Amino acid sequence: MAEVKAVRRPVKEEWLLEGSTESKSIVNPIRDIVDGRKLEQNPQKNLVSLSIGDPTVFGNLPVHDVMKQAVKDAVDSGTCNGYGPAQGLAMTRRAVAAHYSTPEAPLTEDDVIMSCGCSGALDMCITVLGNPGQNILIPRPGFGLYSCLSVPRGIEARHYDLVPDRQWEIDLDHLEQLIDANTVSIVVTNPSNPCGSVYSKKHLLDILAVAERHFLPIIGDEIYDGMVFKGQQFYSLASLSKNVPILSCGGIAKRYLVPGWRVGWILIYDKNETFKKEIFPCLLSTTRKILGPSTILQAALPDILAKVPQSYFKNTMNVVEANANAVYSELSAVPGLKPVMPSGAMYMMVGIDLKHFPNLNTAVDFMEKLMSEQSVFCLPGECFQYPGFFRLVLSMPNDKVKEACARIKEFCTKHYV
Ligand SMILES: *Cc1c(COP(=O)(O)O)cnc(C)c1O
């Protein structure tokens, strides 16, 4: 009989703990750019922060009573404390399907996956569609999360250009040039953060035509669905798609003014059963990692979707649109600035003619100096891969807007040459 030798495995000799490669490759452009600077406000002036896309921070847009009651009822029922199905509670998925289903783009509860915010929905979609070495097409300027979810997985984030002079429509030629055999999906943000743009039916049909030519599913980030100004109309990608399968990511964060509640979903539109064999089962597997958002919030959702009146959304958009109009007219008259009027969501991008500001090299400099001199905080375009612009949030009370614009004007007038 052969002699069995006890092999001693090499063991560690000290506390040497290293973070994973994946975690180290997570980039959050906002944190990286903003936290990297020593941001100090002018102690003589109170802070006006127009930087973060959280409509709760100013206190002018309170949560609707129906929503508070729905959560209280869910707690009091005593039946929502256990684990729910990984895909989401059936009653919740049924309510979401009923709310979003249309004759052109019908949904059943099986087509809905509940997630921890729209972020969780995007995470699942990108996880399922992409492998290392492949690539995904994302907008520039765009929301930083898309590359944050792709790059650490070895998926290349390829930025397609949006055109400011055409209300931030996609440069479709550029989009198409970026596509190759390793492209897995196109991410379309409509309405847009950071641009506030809302795409026309024609433009969405053109985008769908590109996707169809190249057999690419679309991940629609439609978290701002319905958040449009008067006279504008929101079309979901799914409502216009004939053959392109769509994963529409959404949630209650923005429209319902509760980003902290962390409730989102994926709506799976798959008329031709393109997702059926692989993508759908893989999405279901992915839900088993996190098991969806809190069951309390899931149980509250049917009432929230059914009972919150239209006036709640109208009020939000009235505030945003009035602010957009005020900011646009004020900043259009400021030397060196070129605001682009939005049509929805809650943001505006403003171009900076940097050649007229010799002591400011970049939009990051602009942001930093505006903060130290005027205590106005906005995000530089670099946070959205778009130098030469800054982004303003438009959900604050109207008097704050006036104050902010006056200070931006004073700042630009001082530095403009
Ligand atoms: C805010 C935002 C999200 C994230 O939504 P959560 O539900 O808070 O995760 C996703 N996409 C865009 C474009 C956003 O602006």
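Two strands count as paired if DSSP finds at least two bridges between them. Keep that in mind as we walk through this predicted model, starting with a pair that meets this requirement. Strand 13 and strand 14 (residues 389–393) are joined by two bridges, and the two strands run antiparallel. Within this pairing, Leu379 stands opposite Arg391 in strand 14.

Four strands make up an open sheet in the order 10-11-14-13, and their pairing is antiparallel. Strand 10 (337–340) and strand 13 (379–380) are the edge strands; each has a single partner, so one side of each is left without a neighbour in the sheet. A helix joins the picture here: helix 12 (residues 310–332) packs on the sheet and touches strand 10, strand 11 (347–352) and strand 14. The direction of helix 12 makes about 155° with that of strand 10.

Is Ser343 buried or exposed? Its relative accessibility is 9%, and because buried means under 20%, Ser343 counts as buried. Leaving aside residues up to four places away in sequence, Ser343 touches Gly196, Val198, Val228, Phe229 and Gln232.

Next, have a look at the aromatic rings. The whole structure holds 12 aromatic pairs. One of them is formed by Phe357 and Tyr416, whose ring centres are 5.8 Å apart and whose planes meet at 80°, so the pair is edge-to-face. Phe357 sits in the loop between strand 11 and helix 13 (363–374), while Tyr416 belongs to the segment after helix 14 (398–415), so this pair ties together parts that are 59 residues apart in sequence. Phe357 is buried, with a relative accessible area of 0%, whereas Tyr416, at 31% relative accessibility, counts as partly exposed.

Another edge-to-face pair is made by Phe366 and Phe411, with 5.2 Å from centre to centre and 85° between the planes. This pair also links distant parts of the chain, since Phe366 lies in helix 13 and Phe411 in helix 14, 45 residues apart. Both Phe366 and Phe411 are buried. Which residues do the ring pairs link into a cluster? They are Phe357, Phe366, Phe390, Phe411 and Tyr416.

One last stop involves a ring and a charged side chain: Arg255 lies over the face of Phe313, at 4.0 Å from the ring centre.

Methods: Residues numbered from 1 in each chain as written. Predicted model: local features only at pLDDT ≥ 70, side-chain atom pairs only at ≥ 80, totals over all residues. Heavy atoms only, no water. Contact = heavy atoms within 4.5 Å. Axes fitted to C-alpha atoms, helices over the stretch in contact; angles between N-to-C directions. Buried < 20%, exposed > 50% of the residue type's maximum accessible area, 1.4 Å probe, protein only. Phe/Tyr/Trp six-rings, centres within 6.5 Å; stacked < 30°, edge-to-face > 60°. Lys NZ or Arg CZ within 6 Å of the ring centre and 35° of its normal.
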